Amino acid sequence: MDFALTEEQQMIVDTVRGFVETEIYPHENEVERTGIVPKELGQEIARKCKDLGFFACNMPEEVGGAGLDHQTFTLVERELGRGSMGLTVFFGRPSGILMACNDEQREKYLIPAVKGEKFDALAMTEPDAGSDVRGMKCFARPDGDDWIVNGTKHFISHANIADFVIVFIATGEEETSRGPKKKITCFLVDRGTPGFEIRNGYDSVSHRGYKNCILSFDDCRLPSSAILGDVHKGFDIANDWLYATRITVAATCVGRARRVFDHALPYAAERKQFGKPIGANQGVSFKLADMITEIDAADYLTLAAAWRLDQKLPANREIASAKLYASEMLARVTDEAIQIYGGMGLMDDLPLARFWRDARVERIWDGTSEIQRHIISRDLLRPLGA
């Protein structure tokens, strides 16, 4: 396992970091203040991303993407993590689940998503089904060759800009050793479909400008051609997606933590109290030592998980470890950075309070810390029969 960057990878890192610093940073304060990303700005970011050749860089070359391997794409996500998520979402990365599209769906959804002609969003969470995904109540019943859908999804990220949504819906029930569980099917649903509504969600303290939405289905009729994959087999494609998104969260946390550290380190060296830089005191210098150690550890955990995917090795536990550690690391690093700055760290003149608030959600979405610990411990104990 070699984490030394190739010349191409270093070029990619430098290019994406430069893009974030020049195209994202200048707009962050306004997005933070208003909670809104103007449509024209989002379109401009997407256009510039296309001009760079990075749009859909996570998708295979066979469908028009850049075909980056998992490790290189993780480096891209790490650099994007430095910027406001409300803005970097337009640095298009279509959901990898779309690779399950059949020929007809590829022309309608996959190819337009890769070209940036359509944006997708993914919907699984419900008010009563978060970590317990199989407890979802949004249900589709067959009606001839169609399906009639009723129910609600919420916390659906960036559905406000989506042209279509990849939705996981219960389509039946089966008995298991742990009781009845829902059978899940994945559907592709166009914005504007009768009976389907996308509404503004909740106001969040984290990632302002990156909207969460509520989806409602009221006798929404979907054709069988809208099914992605096979009926009742939605989890078969969902698991691959969860791998990718959890590595993305970990990488994002590492990138954000490095940006926070870039604020804290020079401040500790320059800020003087009692006639010397505050960094000369162990109370501060040891914080910096712990911060950079944790950042590097999270970075290597994340890259190692991505490397295992590239080698087609089992990576469930490693991905969970990376997501767990990196998200909790970011919380500690942002908190310590504010402590180093003191009262100024909480002022709007600096971005640290924003980073601190943004960090809180990382331990919740794409699988809570508790779910990650469950995955890790299960992986360790099952081979021993426990």
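**Close-up views of a predicted model**

**Figure 1. Helix 9 and its cover.** Helix 9 (residues 352–361) is largely enclosed by the rest of the structure, because 8 of its 10 residues are buried. Buried here means under 20% relative accessible area, exposed means over 50%, and partly exposed is in between (1.4 Å probe, protein chains only). Helices (H or I, at least four residues) and strands (E, at least two) are DSSP runs, numbered from the N terminus. The buried residues of helix 9 are Leu352, Ala353, Arg354, Phe355, Arg357, Asp358, Ala359 and Val361. Their cover includes helix 1 (7–34), helix 6 (234–270) and helix 8 (316–341).

A note on reading all the views: this is a predicted model, in which local features need pLDDT of at least 70 and side-chain atom pairs count only at pLDDT 80 or more, while totals for chains, interfaces and linings use all residues. Residues are numbered from 1 along each chain as its sequence is written, and side-chain values use heavy atoms, with hydrogens and water left out.

**Figure 2. The protein chain as a whole, for orientation.** The protein chain has 10 helices and 10 strands. Its C-alpha trace spans about 80 × 55 × 40 Å along the principal axes. The radius of gyration is 22 Å, which agrees with the value near 21 Å that a compact globule of 386 residues would have. That radius is taken over C-alpha atoms, and the globule rule is 2.2 Å times the number of residues to the power 0.38. Of the 386 residues, 50% are buried. Contact means heavy atoms within 4.5 Å; among contacts between residues at least 6 apart in sequence, 75% join residues at least 24 apart. For the accessible surface, the total is about 18,400 Å², and carbon and sulfur atoms hold 50% of it. Such areas come from the Shrake-Rupley method with a 1.4 Å probe; for residues, only the protein chains shown count as cover.

**Figure 3. Strand 4 and its partners.** Two strands pair if DSSP finds at least two bridges between them. Strand 4 (residues 164–176) pairs with strand 1 (residues 120–123) in the parallel sense, over 4 bridges. You can find Ala123 opposite Val167 of strand 4. With strand 5 (residues 179–190), strand 4 pairs in the antiparallel sense over 12 bridges, and a hairpin of 2 residues joins these strands. Look for Gly172 opposite Lys183 in strand 5, and for Phe164, whose bridge partner in strand 5 is Asp190.

**Figure 4. Strand 5 meets strand 8.** Strand 5 and strand 8 (residues 227–228) run antiparallel and are joined by 2 bridges. Here Cys186 stands opposite Leu228 in strand 8.

**Figure 5. His207, a residue with positive phi.** Most residues other than glycine have a negative phi. His207 is not a glycine, yet its phi is positive, at about 50°. This residue sits in the loop between strand 6 (196–200) and strand 7 (212–223). With a relative accessible area of 4%, His207 is buried.

**Figure 6. Lys312, in a loop between helices.** Lys312 also is not a glycine and has a positive phi, about 60°. Its loop lies between helix 7 (282–310) and helix 8. Lys312 counts as exposed, with a relative accessibility of 75%.

**Figure 7. Ser369 and its surroundings.** Ser369 belongs to helix 10 (residues 369–381). At 4% relative accessibility, this serine counts as buried. Setting aside residues up to four places away in sequence, Ser369 touches Leu324, Ser327, Glu328 and Arg363.

**Figure 8. Leu324, seen from helix 8.** Leu324 is part of helix 8 and counts as buried at 12% relative accessibility. Its contacts, leaving aside neighbours within four places in sequence, are Ser369, Gln372, Arg373 and Ile376. Leu324 and Ile371 lie 47 residues apart in sequence, while their C-alpha atoms are 9.0 Å apart in space.
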